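Here is a short briefing on a pocket, a surface patch and a loop residue. Please look at the sequence and the model together.

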Amino acid sequence: MSPISIGRLAAMAVAISALAAQPDPLASRWRFAVGRAGELLHAMARDMPPAAAEVTLPHRALHPNSAMWYARTIDLPAHASITVEADDGAQVFVDGTRWNH
């Protein structure tokens with residue numbers, strides 16, 4: 001294996017930095033709403049409040065002990081997958097049906 005020159009290493013670092021700076025296309029255009037007072041953990045998709053603000057993820061919302069709703073339509077190719085990273089109690093709905101993973 002031949003050593004990597006400093007110039008090539010710098011070019012690789014610039015390329016990696018440029019890739020890291022690219023926005024995630026799935027991070028934008030999410031609808032966010034705070035749930036009703038007393039809303040329980042096992043809600044239905046139809047319970048999402050109609051009034052929602054558009055946000056980009058990651059999104060920080062300070063509403064302790066409240067249900068928080070995020071929604072977005074995502075078209076995925078066959079056999080695609082997404083990873084959901086959320087605090088405790090997260091639920092995922094696909095076409096209005098809760099996904100039990």
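A residue counts as exposed when its relative accessible area is over 50%, as buried when under 20%, and as partly exposed in between. The model shown is predicted.

**Glutamate 85**
- Glutamate 85 sits in the loop between E3 and E4.
- Its relative accessibility is 76%, so glutamate 85 counts as exposed.
- Proline 58 is 27 residues away from glutamate 85 in sequence. The C-alpha to C-alpha distance between glutamate 85 and proline 58 is 9.7 Å.

**Leucine 26 and the nonpolar patch**
- The loop between helix H1 (6–21) and strand E1 (30–34) holds leucine 26.
- Leucine 26 counts as partly exposed because its relative accessibility is 33%.
- A nonpolar surface patch is formed by Leu26, Leu76, Ile82 and Val84. Together they have about 320 Å² of accessible area.

**The largest pocket**
- The largest pocket holds about 2100 Å³ of space.
- Its lining has 46 residues. Trp30, Tyr70, Val84, Ala86 and Gln91 lie nearest the centre of the pocket.
- E1, strand E3 (68–71) and strand E4 (92–94) each supply at least two lining residues. E3 gives the most, with 4 residues.
- By class, the lining of the largest pocket has 28 nonpolar, 9 polar and 9 charged residues.

Definitions and conventions: Residues are numbered from 1 along each chain as its sequence is written. This is a predicted model: local features need pLDDT of at least 70, side-chain atom pairs count only at pLDDT 80 or more; totals for chains, interfaces and linings use all residues. Side-chain values use heavy atoms; hydrogens and water are left out. Patches are made of residues with over 30% relative accessible area and no salt bridge: like charges are joined within 9 Å, nonpolar side chains (Val, Leu, Ile, Met, Phe, Trp, Tyr) within 5 Å. Accessible areas come from the Shrake-Rupley method with a 1.4 Å probe; for residues, only the protein chains shown count as cover. A salt bridge is a side-chain nitrogen of Lys or Arg within 4 Å of a carboxyl oxygen of Asp or Glu. Buried means under 20% relative accessible area, exposed over 50%, partly exposed in between (1.4 Å probe, protein chains only). On a 1 Å grid over the protein atoms alone, a cavity is a set of points where a 1.4 Å probe fits but cannot get out, and a pocket is an open set with protein on both sides within 12 Å along at least five of seven lines; lining residues have an atom within 4 Å of a point. Grid points are joined across faces, edges and corners, and a volume is the space filled by probe spheres set on the points. Ala, Val, Leu, Ile, Met, Phe, Trp, Tyr, Cys and Pro count as nonpolar, Asp, Glu, Lys and Arg as charged, and the others, Gly among them, as polar.
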